[in-house]
Amino acid sequence: MASVHLQSTSGFAQQIQARSHQLRADEPLSNGGTDSGPAPYELLLAGLAACTSLTLRMYADRKQWDLGLIDVRLRFSRDEQGREKIDRTVAFGAQLSPEQITRLAEICEKTPVTKTIRQGTEIVTTLSQVRLEGQA
């Protein structure tokens, strides 16, 4: 369904390929990186933000609702007990009815990436001592 390919030669800066798109990831200077790209949690939030906006736009287009600008803001945090939380705020440029807002809030909770994060996803890791061929 989705795949990425990452190669790293040294340091924290990462080169990521997703289909024909090149991305960078890095750690901020405060974590010893060179701040040449978003940190991994920022990339996770970016995926959730993009999925939220895309899903809302698709739904609204089917309903022929004008949402105007969609503004999605996310913040990841972890408390002293280690509990993690993502705060998501979504705003729209168009005036919407209370019923539309209620329905769009329901849609936010049903986006594919939201569901994946909420339910947790099995991660199976395989280590190889030989160089991998081809692309992910």
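This is a predicted model: local features need pLDDT of at least 70, side-chain atom pairs count only at pLDDT 80 or more; totals for chains, interfaces and linings use all residues.
Is Thr114 buried or exposed? With a relative accessibility of 4%, under the 20% cut-off, Thr114 counts as buried. You'll find Thr114 in helix α3, which covers residues 112–119. Now show side chains: those of Thr114 and Arg88 are joined by a polar contact of 2.8 Å. Arg88 also turns up among the residues in contact with Thr114 beyond four places in sequence, along with Leu48, Cys108 and Glu109.

Next stop, the nonpolar core. Select Leu56, Leu67, Ile70, Val72, Leu74 and Leu104, the residues with the most contacts inside the largest nonpolar core, which has 14 residues. Colour α1 (40–63), β4 (70–78) and α2 (98–108), the elements that each give two or more residues to this core. The top contributor is α1, with six residues. Then centre on Leu67: leaving out residues up to four places away in sequence, Leu67 touches Leu56, Arg57, Ala60, Phe92, Gly93, Ala94, Leu96 and Leu104.

Last, the aromatic rings, where the count comes to two pairs. Pick Tyr41 and Phe76 to start: their ring centres are 4.3 Å apart and their planes at 20°, so the pair is stacked. Tyr41 sits in helix α1 and Phe76 in strand β4, so this pair ties together parts 35 residues apart in sequence. Tyr41 is partly exposed, at 39% relative accessible area.

Then move to Tyr59 and Trp65, an edge-to-face pair with 5.6 Å from centre to centre and 80° between the planes. Tyr59 is buried, with a relative accessible area of 9%.

How values were computed. Residues are numbered from 1 along each chain as its sequence is written. Side-chain values use heavy atoms; hydrogens and water are left out. Helices (H or I, at least four residues) and strands (E, at least two) are DSSP runs, numbered from the N terminus. Buried means under 20% relative accessible area, exposed over 50%, partly exposed in between (1.4 Å probe, protein chains only). A polar contact is a pair of N or O atoms within 3.5 Å; within protein, one must be able to donate a hydrogen and the other to accept it, and residues adjacent in sequence count only if both atoms are side-chain atoms. Contact means heavy atoms within 4.5 Å. A nonpolar core is a set of buried Ala, Val, Leu, Ile, Met, Phe, Trp, Tyr and Cys residues joined through side-chain atoms within 4.5 Å. Rings of Phe, Tyr and Trp (its six-membered ring) pair if their centres lie within 6.5 Å; planes under 30 degrees apart count as stacked, over 60 as edge-to-face and the rest as tilted.
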